[in-house]
Amino acid sequence: MASSKTVLSAIFTASLCFTVALAFPAHHEDLHPVVQSPPKPVLSPDYYKATCPQADEIVVSVLKKAIAKEQRIAASLLRLLFHDCFVQGCDASVLLDDSEEFVSEKKAIPNKNSIRGFEVIDEIKAALEEACPHTVSCADTIALAARGSTVLSGGPYWELPLGRKDSKAAYMKLANKNLPPPNATLHRLVKFFERQGLDKVDLVALSGSHTIGMARCVSFKQRLYNQHRDNQPDKTLERMFYSTLASTCPRSGGDNNLRPLEFATPSKFDNTYYKLLIEGRGLLNSDEVLWTGRDPQIAGLVRSYAENEPLFFEHYVNSITKMGNINPLTGYDGEIRKNCRVVNKKI
Ligand code: HEM
């Protein structure tokens, strides 16, 4: 055991060192001068206030026409924001076509024959270019289209921070790595979201986007015929719901047949999605496991949103704002593409 003398001397030495450190602080900067780079600009809802105040109005007017033509396009445009932001950040990389330098993210497994809405983005961007040339980025166009689509489907409005720039490349491999598959377990879904700095509340709230839109049979067929590699259906599927799904999606063929992600009010952005999960009538495995996956916090959120739509909307607005803030290019990083499908030509 240390004698009291040793302890006292240790305390004395430590306090002496501390006093000396205070009196003569080390000037690390003198040894290694730090070049202060200017702080990175942050996104702001007022970003286009002076340069294109009518941007949102233009977006919404094109959206209204597109949704009147095809209701589902609202869902497709909302999904574009998710598939953009989870791959190297919200930088419109998802919109780029193949080029000599890179393969398009459109060819990644979660996107192929599935992601849509590019023609409407083209139309919005052309209208923006005409009104305010070389001003509104493609990344902000996606974000504005996602918010407008949500609102026009009956969902909540949120203040949208703007000022994202567009990437000069696409990341097909990263799209395969970062976009969660529909048969993911709850544990894996949580990990996919954590990788983006998003938590369990974000996972449950943002999954509520599946209150609108459609999925192909191939995205949930495993649940009908071979959930656990045992030639058996997923036992958590409600029986009547199972029969309806099986009539649209036969055991073989029909992979591109479509079912609404939320069949009761498929084009209305509301909290019915969560009510159906509790009844065993969620469409994707990744939907139903939010309720059945034995995570009390996650299941508790599902119940709360099912019982309280304003709470769902409040959390949704918070989570989609977080998602829209993932790793944006700002200031002098990136560019404002003229055509969202190709990077600008070097002059
Ligand atoms: C939690 C992980 C998620 C998984 C595993 C997932 C998976 C899927 C799948 C497989 C489809 C159907 C694709 C097809 O069959 O062609 C789909 C559709 C959709 N997803 Fe997700 N998704 C997730 C999260 C999200 C998020 C966070 C959003 C938006 C913020 C979102 C929005 C949508 C929308 C709106 C549709 C319908 C699109 C349409 O009808 O064109 N999803 N999702």
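Visitor: What share of the contacts in the chain between residues at least 6 apart in sequence join residues at least 24 apart?
Guide: The share is 79%. Two residues are in contact if their C-beta atoms, placed from the backbone, lie within 7 Å. This is a predicted model: local features need pLDDT of at least 70, side-chain atom pairs count only at pLDDT 80 or more, and totals for chains, interfaces and linings use all residues. Residues are numbered from 1 along each chain as its sequence is written.

Visitor: How many helices and strands make up the secondary structure of the chain?
Guide: There are 15 helices and two strands. Both are DSSP runs, numbered from the N terminus: helices are H or I with at least four residues, strands are E with at least two.

Visitor: How do you know that the length of helix 6 agrees with its number of residues?
Guide: Compare two spans. The expected one is 1.5 Å times one less than the number of residues. Helix 6 runs over residues 138–152, and its 15 residues should span 21 Å. Its end C-alpha atoms lie 20 Å apart, which agrees. After helix 6 comes glycine 154, with a positive phi near 100°.

Visitor: Why is helix 13 called mostly covered?
Guide: Seven of the eight residues in helix 13 (285–292) are buried. Among them are Ser286, Asp287 and Trp291. The buried residues of helix 13 pack against helix 8, helix 9, helix 10 (221–225), helix 12 (272–278) and helix 14 (296–307). Just after helix 13, arginine 294 has a positive phi of about 60°.

Visitor: What makes glutamine 88 count as buried?
Guide: Glutamine 88 has 20 C-beta neighbours inside 10 Å, and therefore counts as buried. Its place is the loop between helix 4 and helix 5 (118–131). Most residues other than glycine have a negative phi. Alanine 92 lies in the loop between helix 4 and helix 5, and its phi is positive at about 60°. Alanine 92 is buried because 29 other C-beta atoms lie within 10 Å.

Visitor: Is asparagine 257 buried or partly exposed, and how do you know?
Guide: Asparagine 257 has 16 C-beta neighbours inside 10 Å, so it counts as partly exposed. It sits in the loop between helix 11 (239–248) and strand 2 (258–260). Not counting residues up to four places away in sequence, it touches Arg216, Cys217, Thr248 and Cys249. Asparagine 257 and alanine 215 are 42 residues apart in sequence, with their C-alpha atoms 8.3 Å apart.

Visitor: Which residues have the most contacts inside the largest nonpolar core?
Guide: They are Ile142, Ala145 and Val302, in a core of 70 residues. Helix 4 gives the most to this core, with nine residues. The set is called a nonpolar core because it holds buried Ala, Val, Leu, Ile, Met, Phe, Trp, Tyr and Cys residues joined through C-beta atoms within 7 Å. The contacts of alanine 145 include Val59, Leu63 and Ile121.

Visitor: Which residues are closest to the ligand?
Guide: They are Ser76, Ser114, Ser209, Gly213 and Ala215, and 26 residues surround the ligand. Helix 4 (73–85), helix 9 (200–207) and strand 1 (214–216) are the elements that give two or more residues to this shell. Helix 4 gives the most, with five residues. A residue counts as near if its C-beta atom, placed from the backbone, lies within 6 Å.

Visitor: How do you know that histidine 210 is buried?
Guide: Histidine 210 has 23 other C-beta atoms within 10 Å, so it is buried. UniProt, in an unreviewed entry, places a "binding site" feature at His210. Such annotations may be inferred rather than shown by experiment. Histidine 210 lies in the loop between helix 9 and strand 1. Its contacts include Leu261, Glu262 and Asp287.

Visitor: Why is proline 180 called partly exposed?
Guide: Proline 180 has 18 other C-beta atoms within 10 Å, so it is partly exposed. The unreviewed UniProt entry gives "binding site" at Pro180. Its loop runs between helix 7 (172–178) and helix 8 (186–194). Beyond four places in sequence, proline 180 touches Leu189, Phe192 and Ser286.

Terms used: Buried ≥ 20, exposed ≤ 12 C-beta atoms within 10 Å, placed from the backbone.
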